[in-house]
Amino acid sequence: MCGIFGYLGPKNPLQICLAGLEQLEYRGYDSTGIAGIRNGQIVFCKKAGKLSNLLASMTLNNLESAIGHTRWATHGQISDQNAHPHLDSLHSIAIVHNGIIENHHSLRARLIEEGVTFSSETDTEVVVQLMAKYYQGDLKSAVQQVLALVQGIYAIAVVHKDHPDQIIAAAKECPLAVGLDPMTHESFLSSDPNTFPSSNLDIFFLKAGEVAVIRKGVAEVYNAEQQPIYKSTERLQLHYTEPSKEGFDHFLLKEIHEQPHTVLKAILGRFQELTGNVEFESFQIKDEELAAYQRVCILACGGSAHAGSIGAAYLEELAKIPAQCEIASEARYRSMLLTPDTLVIVISQSGETADTIAALRMAKEARCKILAICNVPHSTITREADAVIYLKAGTEISVCSTKALTSQIAVLALFALHMARLRGLSADAAREFFRHLQQIPKQIHQVLNAIPQLRKIAEKYSRYDHFFFIGRLYMYTTSLEGALKLKEISYVNANGCPAGELKHGPFALINSDFPVVAFCANQQTKDKMLSNLAEVKARGAPILAFAPLGMEDVEIIANDVFWLPPTTDLLAPFTATVAAQLLAYYIALERQCNIDQPRNLAKSVTVE
Ligand code: G6P
């Protein structure tokens with residue numbers, strides 16, 4: 001979603017800002033823009049579409065400072081006009097903004113009454129018009145006065161034509177990092193510090209309504225009460241690597257293929273064969289404390305919530321502790337009855353999902369300890385959690401998440417094993433579980449080796465517009481994930497459904513044009529699943545089954561079977577998920593969808 005990048009310093013601000021925006025592209029966006037100051041004037045260039053559109057129409061040069069933006073539309077359609085930066089009517093001030101200003105309607109109405117003419121539909125323009133109204137020579141003061149009036153969440157960067165030596169930045173519940181190099185007199189601003197081009201920066205994050213006055217290589221910071229405050233800085237080990245498809249046609253396909261390696265990285269060195277214990281590096285929660293928890297609550301969104309549901313089942317099955325996974329955007333508004341004897345786990349690939357962050361903060365208010373399972377270092381969630389287990393999956397570029405999810409399941413399996421050991425599981429039983437887990441990378445390879453067969457299946461099923469994905473137990477969650485992948489990139493109607501629920505309504509939709517994709521890799525529920533499939537067959541729907549080698553009965557009922565390497569029921573989601581990812585990919589390819597840029601979706605969902 002939206003991203004901010006800014007630069008003030010002796011180098012070329014335009015080039016540095018463009019490079020920063022390029023690195024923020026991974027978040028997903030639909031328009032871009034840059035503003036800066038040149039000879040006492042605000043100059044800007046903004047365009048709907050990709051950064052390449054902006055570059056093609058770039059008119060800027062010789063900027064003294066630059067603030068840039070990638071926008072993911074929330075208020076107002078995707079257009080050049082609604083792209084950021086936004087300017088006040090006199091073109092004195094320019095702003096870029098992430099987040100949502102909730103009271104923008106009433107503020108806008110008041111400004112219109114006062115004679116202000118708006119040139120966009122955005123909530124952001126309200127903020128900059130207000131800043132122009134309050135500006136009396138001191139930009140920081142104008143920004144502070146306006147922030148006291150707005151409700152919502154934001155990260156902003158603001159420049160004024162009369163202050164080419166300043167960028168004012170502020171943030172509340174949206175990530176914004178400031179990186180300073182006093183030696184080179186350079187200052188950087190970014191929604192993601194991993195996009196800073198140097199590791200020699202003194203970095204701090206703005207939060208809770210703080211405002212920074214950034215000059216070349218230095219910054220002053222004020223709290224929401226407008227008092228100057230000291231912000232400690234840190235040197236971060238930055239984790240940006242140039243995105244590369246490495247010969248694959250799409251990032252999605254590349255990341256699907258990375259999974260044998262990323263699952264291995266998630267488990268490597270974290271299990272001690274000798275003791276049968278799990279050890280996470282620099283883990284900040286003591287064993288005695290973990291052992292004392294009475295309940296686990298997992299909070300996440302999207303695919304991460306699917307991993308969370310599997311993790312909750314692992315915790316109950318292995319560690320015998322009550323565990324539930326809740327969609328973060330729902331949990332926030334429910335009486336979750338969280339108490340400090342509940343361990344809260346938040347799961348997020350990006351560490352920036354707004355609803356997950358809000359749920360984390362809700363759990364913190366209930367005095368719960370927060371464990372984050374996350375892929376992106378230095379992200380908001382990793383900074384706010386009490387303890388972090390990293391996925392170590394490397395940058396995930398594809399909007400359609402794949403390797404992050406299988407790494408999340410791997411980490412959750414290990415964490416459940418850790419809890420299980422603390423709650424009495426024998427070392428031998430732990431070793432036995434880990435032996436199966438260790439086989440998973442090899443088994444994912446086997447699925448990847450069967451791509452030609454899966455591709456043929458995808459060709460056959462790509463003509464259908466509606467699907468049910470069904471399963472039981474672990475395979476039910478896997479079916480939800482499979483359906484999500486298909487709808488995300490192929491735009492076909494794919495619904496995950498517990499196999500036992502078909503007869504309670506969904507059957508009404510089934511016919512010969514409505515295939516059912518059946519995830520059968522649960523031995524425990526095999527017979528029930530086969531009965532469900534017989535019911536589907538009786539209603540004429542084509543059946544594609546993902547079943548473990550050896551479950552021959554499936555072949556009698558299903559029209560097509562893709563065989564998965566057999567494993568335990570608990571670990572079956574790995575290979576079944578990879579097979580579902582490939583099915584979605586090749587169906588999307590057949591349907592000529594834009595796989596790397598699925599419509600209306602963003603990688604990093606920073607609005608609620
Ligand atoms: C977006 C992504 C999904 C992801 C979800 C949660 O919708 O497109 O792939 O599962 O956000 O993201 P997170 O970064 O918190 O895992």
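Buried means under 20% relative accessible area, exposed over 50%, and partly exposed in between, with a 1.4 Å probe and protein chains only. The model is predicted: local features need pLDDT of at least 70, side-chain atom pairs count only at pLDDT 80 or more, and totals for chains, interfaces and linings use all residues. Residues are numbered from 1 along each chain as its sequence is written, and side-chain values use heavy atoms, with hydrogens and water left out.

**Serine 190**
- With 0% relative accessibility, serine 190 counts as buried.
- Serine 190 lies in strand β10 (residues 186-190); strands (E, at least two residues) and helices (H or I, at least four) are DSSP runs, numbered from the N terminus.
- A polar atom of the serine 190 side chain lies 2.9 Å from the backbone oxygen of aspartate 192.
- Leaving aside neighbours within four places in sequence, serine 190 has contacts (heavy atoms within 4.5 Å) with Ile4, Phe5, Leu24, Leu176, Ala177, Thr195 and Phe196.

**Strand β17 and its partners**
- Of the 6 residues in strand β17 (residues 295-300), 5 are buried.
- Strand β17 pairs (at least two DSSP bridges between two strands) with strand β19 (residues 342-348) in the parallel sense, over 5 bridges.
- In that pairing, cysteine 297 stands opposite valine 344 of β19.
- Strand β18 (residues 323-327) also runs parallel to β17 and is joined to it by 5 bridges.
- Valine 296 has alanine 323 in β18 as its bridge partner.
- From β17 the chain passes through helix α9 (residues 302-319) to β18 in a right-handed β-α-β crossover; with the strands pointing away from the viewer, right-handed means that the path from the first strand over the helix to the second runs clockwise.

Technical notes
A polar contact is a pair of N or O atoms within 3.5 Å; within protein, one must be able to donate a hydrogen and the other to accept it, and residues adjacent in sequence count only if both atoms are side-chain atoms.
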